[in-house]
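Dear colleague,

I am passing on the structure below, and after it you will find my notes on what turned up when I went through it. Please read them with the model open beside you.

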Amino acid sequence: MFRVISITGFIVVFASLAFHCLVFPVSGKHKWGPVAILKKLVHLLTIILLPQQLSLLGVLRKLLYLLTLLCFLVLVLTGFYRPLVMDEHLSGYLLMIHATFAPVFAICVAILAVMWAHHNRFKAADWPWLLRVLRRFIHMKTADKQDEGEQSCLIQKIAFWLIIFLTLPVILSIVLGMFPIFGTHGQEVLLNLHRYSTLALTLTAIIHIYLIIRIQMK
Amino acid sequence: MRKGLILTGTLFWLALAIPTFAASDKILLGDMQDGSLAQPVHLINLFDEEGQRISPDDELVLPFSMRGSCADCHDYDKISKGRHFNAVLPDAEAGRLGQPWIYVDAATATQIPLSYRPWEGTYNPRQIGLTRWKFIKSFGRQLPGGIGEDTDAESPDLQARWTVSGELEINCLACHDGDPGHDRAEYATQIVRENFRWAATAACSFASVKGSAQKMPETYDPFMPEILDDPKLIPLTVNYQESAFDNNKRVLLDIVKKAPDYRCYFCHSNVKLQEPDIQHWMTDQDVHLAAGLTCVDCHRNGLDHEIVRGYENEASVSTNPLAASSSCKGCHTDGRLGASEPKHAGIPPVHFERLSCTACHSGLMPQQKTQRIKTSRAHGLGTHSVNRSADALPHIVSPVFAKQPDGKIAPHNLIWPAFWGSLKDGDVVPIALELVGKAAGKILDGGKVSRSGDWPDLTAEQITKVLVVLKNTVEKPVYICAGKVYSLDNKDQLTDTQDCAAKPYLWPIAHDVRPAAQSLGSGGCSDCHTTDKPFFFGRVDVDSPLVSEAASTKEMVEFQGLRPFYTKAFAFSFVFRPWLKIVSLVSCLLIAGVLLLYALKALGSVVKVLSEEEK
């Protein structure tokens, strides 16, 4: 069941992103060509090697982001490979790698949450449609202008907060299972919670990464 | 015309009906349930093998026959196909591997698992020259009967001995006699004397048997005994207590439907060795028995005596309708017999896919090295001639946590087969014991065996010599022991190889069951998942008569189908488990804090907006 839902989820998300690319192509000289994406990825991965015009905190922030991205990639590959490709539970060396990277990911996400929360807080300009409704009911003064960049930013912020929120059940469902609290049924519920919350987290993170790359390309 | 039609119709109906009647099973009086749960009283006449009613004042007093006495009311033939009696039947379901009969001969350094069931790793007794006669002589002490003469395989001499000794009928009383005077040890003694026909009678408290069929001439006819030529010979006689018979020559047998535990224990006891300071009374019994259950509360059967063995997936091979619900899982999920539902708090579900229930709950608690045990059937426990030495063969080691055919790891008992064989098409076929005896007798210290019944001190030179002698009579002789095949090369030099043919025989165990608080894992993950815990890294004793191999061991993980390095690395990773928990929980706290903070901020913004509007 989880296998079917996961594969469907991945297909739907990737198809939606592809559709979004086609319907709303990036304006200007940057296109969604393979070379452009590759360049962006190389830029992301070599960001620490290039001369930075950032403060120490900025460097640390980007470094942390890259580390989180690496952990996320490893966790996704090790976590989904056996269940999706082989229809088996996670075990063996993959499990050991998964469990090694998991706490690093957890602490990275926590620090990122602290560092990026303020930047990702919702502002009045993030949801003009809501403001229009509010204006009608409570005569609130708001800005009218809205462009696609702001809209993307809203979805990115939602994706950020979703990632942060989903990380909680992802971590807790595993850690609580290590304490003698939950019985067999509880353990199965926790395991399913881990699976499905991880799936949701992964799909959200893919959308978040897509939006970051898209904004960077503008 | 009309009469003709009626006649034709009647004949037609009869033609259809007669086969139906013939096919239907006849239900005997004792096999019919009337609904009463009371214990039926068995005040019955006893009959001998030829159907004659027994009276203590008969001129010739014969042993009573189970078939003769019980079959009037109980379907003896149907019962004889039950689990305890059907091993020799070719179409009997073998089921999961079980405890074999272990033939032991210290003089020829032999310890070989035998079974009439086609269990992989066991050998048919006939392969080592054990005819049914010899099989009964060796193991009949703890057989419930039901093994008769194999006319194809017995020599004419032995066929004559069968006539004297009689068939080893099913001994119903072995399980169903509630009389505390019923003496199974006496039954075993009668088997040694070849008094097969008399054994069940002799075990009863109201009868005694004198004489030995073993000493009788082949021409001896127990139904028409002649005066014996040798005055020293005691004729085979039965004495019944006259007081046991009423005026109608009936005897009150204390027959119980549910066999008492102590009857089961005569054949199914296990005892741990190597801890002389700990005696049996200091140990706890199976938790189910301690809770008031009996063996047959779980191991049930109907008239067909297809008793439930109680393992998972038994229902796929058993006709017993309770097979599915009588396993650990069967009772402990449905709450049968008041079984508690296991909590298994903190144990990841993967454990239930890879371990049997018994892995954590049954058998001896694993120690750094496996221990030796004795079992009733292997060592003749409870019989008069039992060797009480801790070193007595066969050497059974336990618990060995090994992978079962269903892929789950379960505790097993293990023996390392040791025998002389012949290599044929890559398979090792055991050599008949007589042949080995002749070849090895003088070489292996003249057949001298220590009083303890332990292995003789075998050397590589002795093995070489025996193999050289055997080479004259059998093709490619080999000696199997300690998981190795010893053979001669072209220059008659001894070589040894690891081979499947020499692999140990393991059979899963389920008792004694320990309570949850004493199970593996009750002390946390570290009960198994550390680099020195015996579940994965215990040492399994490799038993060998070879002096040079005496102290060898194998690692438990080798029996589990797991990669040793991975298992070690996985166990080592548990060192960091506490850190994983701490880091993860701290991360969660931070994340939860951020979420709470910004949720409050958001709430504050909403409050602010709404309150401004109010102004």
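Strand 8 of chain B and strand 9 (residues 396–403) of chain B pair in the antiparallel sense, over 3 bridges; strands here are DSSP runs of E with at least two residues, helices are runs of H or I with at least four residues, both numbered from the N terminus, and two strands pair if DSSP finds at least two bridges between them. Within this pairing, Arg372(B) has Val397(B) in strand 9 of chain B as its bridge partner.

Before going further, please note that this is a predicted model, in which local features need pLDDT of at least 70 and side-chain atom pairs count only at pLDDT 80 or more, while totals for chains, interfaces and linings use all residues. Residues are numbered from 1 along each chain as its sequence is written, and chains are lettered from A and ligands numbered from 1 in the order in which they are written.

Strand 8 (residues 371–375) of chain B also pairs with strand 7 (residues 270–272) of chain B, again in the antiparallel sense and over 3 bridges, and here Val271(B) has Lys374(B) of strand 8 as its bridge partner.

One runs from Leu393(B) to Pro394(B), with omega near 0°, and Pro394(B) sits in the loop between helix 15 (376–379) and strand 9 of chain B. Another joins Ser398(B) and Pro399(B), with omega about -10°, and Pro399(B) belongs to strand 9 of chain B itself.

Positive phi values also occur in residues other than glycine. His344(B) has phi near 50° and lies in the loop between helix 12 (328–334) and helix 13 (350–354) of chain B; it is buried, because 21 other C-beta atoms lie within 10 Å, where buried means 20 or more such atoms within 10 Å of the residue's own, exposed means 12 or fewer, partly exposed is in between, and C-beta atoms are placed from the backbone. Ala482(B) likewise has phi near 50°, is found in the loop between strand 13 (477–481) and strand 14 (484–488) of chain B, and counts as buried because it has 22 C-beta neighbours inside 10 Å.

As for the overall layout, the domain assignment of chain B gives domain 1 (39–93 + 128–253), domain 2 (419–498) and domain 3 (581–614), with bounds that come from an automatic or database domain assignment. The C-alpha centres of domain 1 and domain 2 of chain B lie 38 Å apart.
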